[in-house]
Amino acid sequence: MLDIRLLRETPDLVKQRLAGRDAGLMAVVDEILRIDAARRAAETERQALQGDRNRNSKEIGFGRKNGEDTSAKEAEVKGIGQRIDQIGQEADAADQRQRELLLGLPNLPHEGCPVGETAEENPEIRRWGEVPTFDFEPRDHVALGQALGMIDFEAGAKITGSAFVVYRGDGARLERALISFLLDLHTREHGYVEISPPLLVRAEALVGTGQLPKFGDQVYHCGEDDLYLIPTAEVPVTNLHREEIVKPEQLPIQYAAYTPCFRREAGSAGLGTRGLIRMHQFDKVELVHIVKPEESMAVLEALTGHAETVLQRLGLHYRVIELCTGDLGFGSARTYDIEVWAPGQGAYLEVSSCSNFGDYQARRMNLRYKDEAGKNRFCHTLNGSGTALARLYVALVETYQQADGSLLLPEVLRPYFGGERIG
RNA sequence: GGAAGGGUGGCUGAGUGGUCUAAAGUACCUGACUCGAAAUCAGGCGUGGGGGCAACCUCACCGAGGGUUCGAAUCCCUCCCCUUCCGCCA
C-alpha cells in the first residue's frame, strides 16, 4: 500500500512512476485524491461535532447531579448525535473506498528499475556456467521421470486432477533430498532461521502480502472455515510480524521456510504446459527478510546471491534477469528473476523471483520498527525463492541424465539422497 | 464438538453508566542527590486521524463489529481469539 501522504504531496511523481506499469493507473490516483479531500472534510466536521457532544453531555451530567432540568439540552444533543451519524456515514464510506482503491494500487517501481512494457524488455544481468552439451539427444524430465518410475502424472490426475503429480520411490526421495539440502544451505551458511508455518491462512494475511483483494481468484479458499491455502510461504512467514513494532536490535530478520504452495492458475495460458513446469501444487523453499529501509537494496543483492548459490552448488547453468517496470509483480519495487537452463526443454525456467517490496507490504500489515530516535517506521520486506522445487527438479533431472537413461546426481546431493545414481 | 473463565497501554493490573483527561505498579528515558553506582526523589513516557508555519489544539482507539443512551472500557447482541477441563483424534 502506498502512503496517502505521498500521493497528496507529490501526485505527479507517483503518477509518472505508476505509469511505467500501466498508464491507466494515473486516473486511479486522481480518484483517490478526490476521495481523500472529501474524506478529510467530512472527518473534520465529524470531529468538531463530537467535541460539541462531549462538552454538552458532560454538562448534562453535572446538571443532573445538581437536580437541574436538562431535558432541553438532551434534545439538543440528540440532534447533534444525528448529524454525527450522517456526516460519519459519509466519512466512513469515503474512508473505506479510499482504502479499497489504495489496496488495489501496485507499488511504485524503484527508480533504478528498467522501464519497459513486456517480459521481452527485461535486461539480462549475468550468466553463470555454460549450457551443458550432450553426445546424445537429451530427453525431457517427463520421459525420464516416467521411465525411471519417479514421477506419475496419471496418478496425480486420478486422485486430484490435472496439474497435480505423484512423486514415487527414488523420485520422492530425490525431492526430499533437495529440500534438506536447501534448508541446510540457507540456515547453516546464509544465516536464516528455519520456519515451518501453517499452510492455511486468514484473509488478513493475504491482504498483508498483497494477494488480496486483487488476486483472490488465484488462491484456493476453504469456504467452510474461511481459510486460504497458501500460494507461497511468503504469506505466513512475512505475516509472522504483522501488527508488530519490532525492536531495532531484532533486525534484520531472515527466515527460510519449506512449504508446499497451492495456486489455482485461473486463466493461465500455460497450464497446458507439459510436465512439472506449472502445477497447482508445488514445493518451494522461500527466503524472507524484514529489514530497515536503508538496507533493503543491499539485502536484495544478497538474497539473490543466496538463491544463486543453490544453482551453483548443484552445477546448474542459469541466468539472472531484472524485471522491467511493465513486468514487475504487483507489490514489488524491484525484482530479479533467476532462470535455470533445462536441457530437455531447450529453455530457461524461472526458479526464483527475488523482490524488494520496500515498505509496501509492511504498510499493509502494519509492520514497524522503532528507530534509534524512538520513532516508529515501517520496515522493508523482501522475499525470494530459494528455490522452487518442481522446476529445479526439472533442470536437475534433465541436466544430469546419462546416455543409458540413468541419472548421476551431483556430489552435493549424494549424502542427502543416500546414493549417487538413479536407474 | 461440549462446558467454564478470560481479552484494558511494552508488561502486571484496577476500573460495572457521567471530573476516565484509564488508577497503581513495573520497565524505559531525562534530571536531582553521588567520586561513581544502587537506593531515593522529581518529571517524562501509547497508537492513529484531522487542523496549524510552529510551540500547540482537537478527535478516535480498552479483542472486532453492531445496538441502547444526552453520554459506554462499563449495559445488550453477533463474531474472533486465548486459557482450562471433558470428548474425539495423529
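The legends below describe several close-up views of a predicted model.

**Figure 1. The division of chain A into domains.** In this predicted model, chain A is divided into domain 1, residues 4-103, and domain 2, residues 119-422. The centres of domain 1 and domain 2, taken over C-alpha atoms, are separated by 43 Å.

**Figure 2. The packing of helices H2 and H3.** Helix H2 comprises residues 11-19 and helix H3 residues 25-65. The two helices pack at an angle of about 150°, and their axes are 8 Å apart. This angle makes H2 roughly antiparallel to H3, since angles over 145 degrees are counted in that way. The crossing in which H2 passes H3 is right-handed. On the side of H2, the contact is formed by Pro 11, Val 14, Lys 15, Leu 18 and Ala 19. On the side of H3, Leu 25, Met 26, Val 29, Asp 30 and Leu 33 take part. The residues of this contact of H2 with H3 comprise 8 nonpolar and 2 charged ones, with no polar residue.

**Figure 3. The packing of helices H7 and H12.** Helix H7 spans residues 170-189, and helix H12 spans residues 389-399. Their axes lie 11 Å apart, and the packing angle is about 110°. H7 is therefore roughly perpendicular to H12, a description that applies to angles of 65 to 115 degrees. H7 and H12 cross in a right-handed sense. From H7, the residues in contact are Gly 171, Leu 174, Glu 175, Leu 178, Ile 179 and Leu 182. H12 contributes Leu 389, Leu 392, Tyr 393, Leu 396 and Val 397.

**Figure 4. The packing of helices H7 and H10.** H7 also packs with helix H10, which consists of residues 296-313. The angle between H7 and H10 is about 130°, and their axes are 11 Å apart. The two helices are therefore oblique to each other. The crossing of H7 and H10 is right-handed. In H7, the residues that meet H10 are Phe 181, Leu 182, Leu 185, His 186 and Glu 189. Their partners in H10 are His 306, Thr 309, Val 310 and Arg 313. The contact of H7 with H10 is made up of 4 nonpolar, 3 polar and 2 charged residues.

**Figure 5. The aromatic pair of Phe 330 and Tyr 360.** The structure contains 7 aromatic pairs, one of which is formed by Phe 330 and Tyr 360. The centres of the two rings are 6.1 Å apart and the ring planes stand at 85°, so the pair is edge-to-face. Phe 330 belongs to the loop between strand E11 (318-322) and strand E12 (334-342), whereas Tyr 360 belongs to helix H11, residues 360-365. The pair therefore ties together parts that are 30 residues apart in sequence.

Figure 6. Leu 212 and Pro 213 are joined by a cis peptide bond with omega of about 5°. Pro 213 is placed in the loop between helix H8 (203-209) and strand E6 (221-222). A cis peptide bond also joins Leu 251 and Pro 252, where omega is about -5°. Pro 252 is found in the loop between strand E8 (245-246) and strand E9 (253-262).

**Figure 7. The backbone at Ala 163.** Ala 163 has phi near 70°, a positive value in a residue other than glycine. The loop between helix H6 (153-159) and strand E3 (166-167) holds Ala 163.

Definitions and conventions
Residues are numbered from 1 along each chain as its sequence is written. Chains are lettered from A and ligands numbered from 1 in the order in which they are written. This is a predicted model: local features need pLDDT of at least 70, side-chain atom pairs count only at pLDDT 80 or more; totals for chains, interfaces and linings use all residues. Side-chain values use heavy atoms; hydrogens and water are left out. Axes are lines fitted to C-alpha atoms, for helices over the stretch in contact, and angles run from 0 to 180 degrees between N-to-C directions. Helices (H or I, at least four residues) and strands (E, at least two) are DSSP runs, numbered from the N terminus. Angles under 35 degrees count as roughly parallel, over 145 as roughly antiparallel, 65 to 115 as roughly perpendicular and the rest as oblique. A crossing is left-handed if the near helix is turned anticlockwise from the far one by less than a right angle, and right-handed if clockwise. Contact means heavy atoms within 4.5 Å. Domain bounds come from an automatic or database domain assignment. Rings of Phe, Tyr and Trp (its six-membered ring) pair if their centres lie within 6.5 Å; planes under 30 degrees apart count as stacked, over 60 as edge-to-face and the rest as tilted. Ala, Val, Leu, Ile, Met, Phe, Trp, Tyr, Cys and Pro count as nonpolar, Asp, Glu, Lys and Arg as charged, and the others, Gly among them, as polar.
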